[in-house]
Amino acid sequence: MEVSPETSATSTPGRARRADMKIGIIGAGNIGGNLTRRLTALGHDVSVANSRGPHTLKELADETGATPVRAEEAARGAEIAVVTVPLKAVPDLPSALFDEAADGLAVIDTGNYYPQRDGRIADIEDEGLTESRWTARQIGHPVVKAFNGTYAQDLLDRHRPAGDPERMALPVAGDDEAAKRKVRDLIEELGFDTVDAGGIDDSWRQQPGTPVYGLRGGVDAVTRAFAEASPERPEEFRG
């Protein structure tokens with residue numbers, strides 16, 4: 001299937017950096033932990049939560065300067081929130097998770113559906129919902145899908161300045177163009193180019209088992225991978 005006409009790439013040398021943005025991270029696993037490390041190093045005000053409570057995040061907080069909080073507090077005042085928990089845990093997130101967030105909140109969904117871990121989700125397998133559409137319905141807020149096919153260690157090791165020939169590109173999908181722009185700007189600040197993957201209903205192109213999933217390539221490689229993707233879910237990712 002061809003990449004949708006709105007798909008575009010960008011690397012924006014000279015874009016003004018937004019310092020000290022308030023960012024909430026829900027989930028302190030490999031991706032959440034390394035995003036906490038990078039975003040605090042860039043000067044952002046990061047609150048981080050997990051399912052076990054703030055006292056279990058003391059080591060990460062001491063290392064990074066992030067503020068450990070309860071999950072229901074993570075998005076308080078945040079301009080960007082990152083939901084980076086297993087899909088099976090998404091329905092158990094606090095119902096008022098985003099009630100005290102800043103206006104124009106962008107929510108990043110890093111999740112992937114692994115039936116062997118998450119159990120079979122009929123809305124995804126039988127109804128054909130993309131994984132991020134399902135997540136958005138569960139949390140009651142639109143999401144921007146990003147980082148789901150990124151190796152956590154690459155966030156620490158493979159960032160590069162704009163224009164570097166080895167700079168990786170990450171796919172980003174979302175329905176809200178303003179939220180998607182905010183997320184793409186943040187990813188570019190982290191040291192990666194971005195490729196617009198279209199809306200959330202197009203985000204099957206970056207789900208597990210697709211050519212772009214886990215790809216360590218630049219803009220051209222990611223764009224080619226989109227064109228080679230099939231909406232058919234691979235057998236190993238079915239429940």
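Helix H1, residues 30-41, is 12 residues long and spans 17 Å from its first C-alpha to its last, close to the 16 Å expected at 1.5 Å a residue. That expected span is 1.5 Å times one less than the number of residues in the helix. Helices here are DSSP runs of H or I with at least four residues, strands are runs of E with at least two, and both are numbered from the N terminus. The model is a predicted one, so local features need pLDDT of at least 70 and side-chain atom pairs count only at pLDDT 80 or more, while totals for chains, interfaces and linings use all residues. Residues are numbered from 1 along each chain as its sequence is written, and side-chain values use heavy atoms, with hydrogens and water left out.

H1 is mostly covered, with 9 of its 12 residues buried. Buried means under 20% relative accessible area, exposed means over 50%, and partly exposed lies in between (1.4 Å probe, protein chains only). Among the buried residues are Ile31, Leu35, Arg38 and Leu39. What covers the buried part of H1 includes strands E2 (22-26), E3 (45-49) and E5 (80-83), along with helices H2 (58-64), H6 (152-157) and H7 (177-190). Just after H1, Gly43 takes a positive phi of about 100°.

Helix H5 (residues 131-139) is also mostly covered, with 7 of its 9 residues buried. These are Glu131, Ser132, Arg133, Trp134, Thr135, Ala136 and Ile139, and they pack against E6, helix H4 (122-125) and strand E7 (144-145).

Val90 sits in the loop between E5 and E6 and counts as buried because its relative accessibility is 3%. Setting aside neighbours within four places in sequence, Val90 is in contact (heavy atoms within 4.5 Å) with Val85, Trp134, Thr135, Gln138 and Ile139. Arg233, in the segment after H8, is buried too, with a relative accessible area of 13%. The side chain of Arg233 makes a polar contact with the side chain of Glu131 at 3.1 Å. A polar contact is a pair of N or O atoms within 3.5 Å; within protein, one must be able to donate a hydrogen and the other to accept it, and residues adjacent in sequence count only if both atoms are side-chain atoms. Not counting residues up to four places away in sequence, Arg233 touches Tyr113, Ile124, Glu131, Gln207 and Arg238.

On to the strands: E8 (residues 169-174) and E9 run parallel and are joined by 4 bridges, where DSSP must find at least two for strands to pair. Leu170 stands opposite Thr194 in E9. From E9 (residues 193-196), Asp193 and Val195 point one way, Thr194 and Asp196 the other, and all are buried.

A search of the whole structure turns up 1 aromatic pair. Tyr114 and Phe237 form this pair, which is tilted, at 6.3 Å centre to centre and 45° between the planes. Rings of Phe, Tyr and Trp (its six-membered ring) pair if their centres lie within 6.5 Å; planes under 30 degrees apart are stacked, over 60 edge-to-face, and the rest tilted. The pair links distant parts of the chain, 123 residues apart: Tyr114 is in the loop between strand E6 (106-109) and helix H3 (115-118), and Phe237 is in the segment after helix H8 (219-228). Tyr114 counts as partly exposed because its relative accessibility is 22%, whereas Phe237, at 14%, counts as buried.
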